Amino acid sequence: MLFFTGVPLFLMELSLGQYGAAGPITVWKCCPLLKGIGIGMLCVSTLVCLYYNVIIAWTFYYLGSSFQNPLPWTCEALVNSALCGNATTGNSSSSTRLSPTEVFWNERVLGVVNSKGLHDPGPVRWPLALCLLAAWIIIFLCMLKGIRSSGKVVYVTATFPYFVLLVLIIRGATLEGSLQGVAFYLTPDWDRLASAQVWNDAASQIFYSLGIGVGGLLSMASYNKFDNNVIRDTLIITIGNCSTSFFAGFAIFSILGHMAWRKGVPVGKVADTGPGLAFVAYPEALALLPGSMFWSILFFLMLFMLGIDTLFGNMEGITTAVLDEFPQLRGNMKHKSLFLGTLCFCFYLMGLLLITDGGIYWFTLIDSFSTSFGLIIITLFMCIGISFFYGVNQFCQDILDMICPCPPWCSRVLVYFKACWVFFTPFLLLFILTYIFIEMYNTSLHYGSYVFPRWGKALGVCMGATCCLQILIWAIVAISKESGTLRERFQKSIRPLNSWRANNLNSTGRGEEQVEPERVEAPFTVTLTDMDFTAMTWEEGSQA
């Protein structure tokens, strides 16, 4: 998945953004027919921003609670004394009893016990609303001055998690039962490859961790120098990213192994997925360590840094796209700040639905469908469009022009990427997409014991379909703007605009080359002045 989809698509987005020096919408001057891909990316990015900052709000809540001693989700806390006291009675219901961490998560944080389902969101939980407001204020302040301010913040938010992971791995390695957790982590379950959900999760993980298909990569790359070596950056970032994910697994499962050893149960019984891992299983494991308050603060501070990093990319994709379409905002700091503040406030208001008593159900719905088949379809059309409409040979030449002089190894690696873009990546994406569609309606969406109704699942499908339909809608718009037969209109709509070439010729110092004027297909008038008639009279007199 990484080498045949993740890395090739990452290089494609990075190269396209750097060469075009534009965001996810304007960059499609290279092929106006596919402008809808950029709009679809913004739709996906909007859905991700909507629910992802809710995770940061939860992290804020847990981070503030971590300064309490004892931690409020441990048996030492007074509010849990009755709950933990009953655990020693040995009655027959012990297998179904909730742990203090589950009670804290479901009752104190989410309030999901007060909701009957998706149709019953209930009131807003105001402690979480304040945390969500603080999270959006931080995002606004960090992005206020654009890429310069957010770039400086990333120096801290990107390096601090590595320090925390190293500390957690060292601490986990000294615990009893950690080897069982690591063995569980490294042992593959080949039977699960037959499940469509596994392939969906694998694609979502690669796309999500690398930021593919949401517009953030295109926006960030547009600020690169034109001669930046994108192939080198792609290999370093993608391999480093996945190595970090693999490295982080040891920090997680070594401590979960200790938790399983303390409880006397298999590791699979304590391992969880989704928010439950970060906010139930791991806090419970940290609570078993000496100095649990310190480890909890360190862990949730790391989660906060990771969340800020992720949200930067998505927000940058949205803001860059809008500023490219309305360049007058870019030159006016007051108007730009007003736009960014309005955007963050709108996201905050929409996010309030996700922090109600039943908000976790809406969170699960958006999380399940925002980066599912819609994201795969968008990247599939991007790959096909660049390879066959824009031209894979031309695209490879553009990359060579950017990193000229090109080292020999870059040219050889580019042959591999060319094969992926034309053959391997589209077919693998089609395979995953087909598998997902076949199994999508055979498996129910659920959170805990709650099974989502059909209308809820249909709403999720509509979310994903809305992102995909942008490709078709804007393709029709592009074709309708051209003249001639349908075939001629199609051929014109896949032809790069001349401003695409002119901008890049100027950026590489080749502005002296002749560029064909941009085609204008509209009625025009010619206005004659007195000078024209005077010159005409003079010419008639001279001929006489």
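Good morning. I begin with two residues of helix H11, which covers residues 230–263: Phe246 and Phe250 are four residues apart there, so about one helical turn separates them. Please keep in mind that the model is a predicted one.

How are two aromatic rings described? A pair is described by the distance of the centres and the angle of the planes. For Phe246 and Phe250, the centres are 5.2 Å apart and the planes stand at 90°, an edge-to-face pair. Phe246 is partly exposed, with a relative accessible area of 46%. Phe250 is also partly exposed, at 24%, because the buried class requires a value under 20%.

I turn now to a second pair, Phe395 and Trp421. Their rings are edge-to-face, 5.3 Å centre to centre, with 70° between the planes. Which helices does this pair link? Phe395 belongs to helix H18 (residues 373–402) and Trp421 to helix H19 (residues 408–440), and the two residues are 26 apart, so the pair links distant parts of the chain. Are Phe395 and Trp421 buried or exposed? Both are buried. The count of aromatic pairs comes to 43.

Next, consider Leu133, in helix H5 (residues 126–143). Leu133 is partly exposed, with a relative accessible area of 33%. Between Leu133 and Asn53 there are 80 residues in sequence, yet their C-alpha atoms are 9.6 Å apart in space.

Finally, the protein as a whole. It has 23 helices and two strands. Of its 544 residues, 49% count as buried. Of the contacts between residues at least 6 apart in sequence, 81% join residues at least 24 apart. The protein exposes about 26,500 Å², and carbon and sulfur atoms supply 66% of that area. Thank you.

Notes: Residues numbered from 1 in each chain as written. Predicted model: local features only at pLDDT ≥ 70, side-chain atom pairs only at ≥ 80, totals over all residues. Heavy atoms only, no water. Buried < 20%, exposed > 50% of the residue type's maximum accessible area, 1.4 Å probe, protein only. Contact = heavy atoms within 4.5 Å. Areas by Shrake-Rupley, 256 points an atom, 1.4 Å probe, with all protein chains shown as cover. Phe/Tyr/Trp six-rings, centres within 6.5 Å; stacked < 30°, edge-to-face > 60°.
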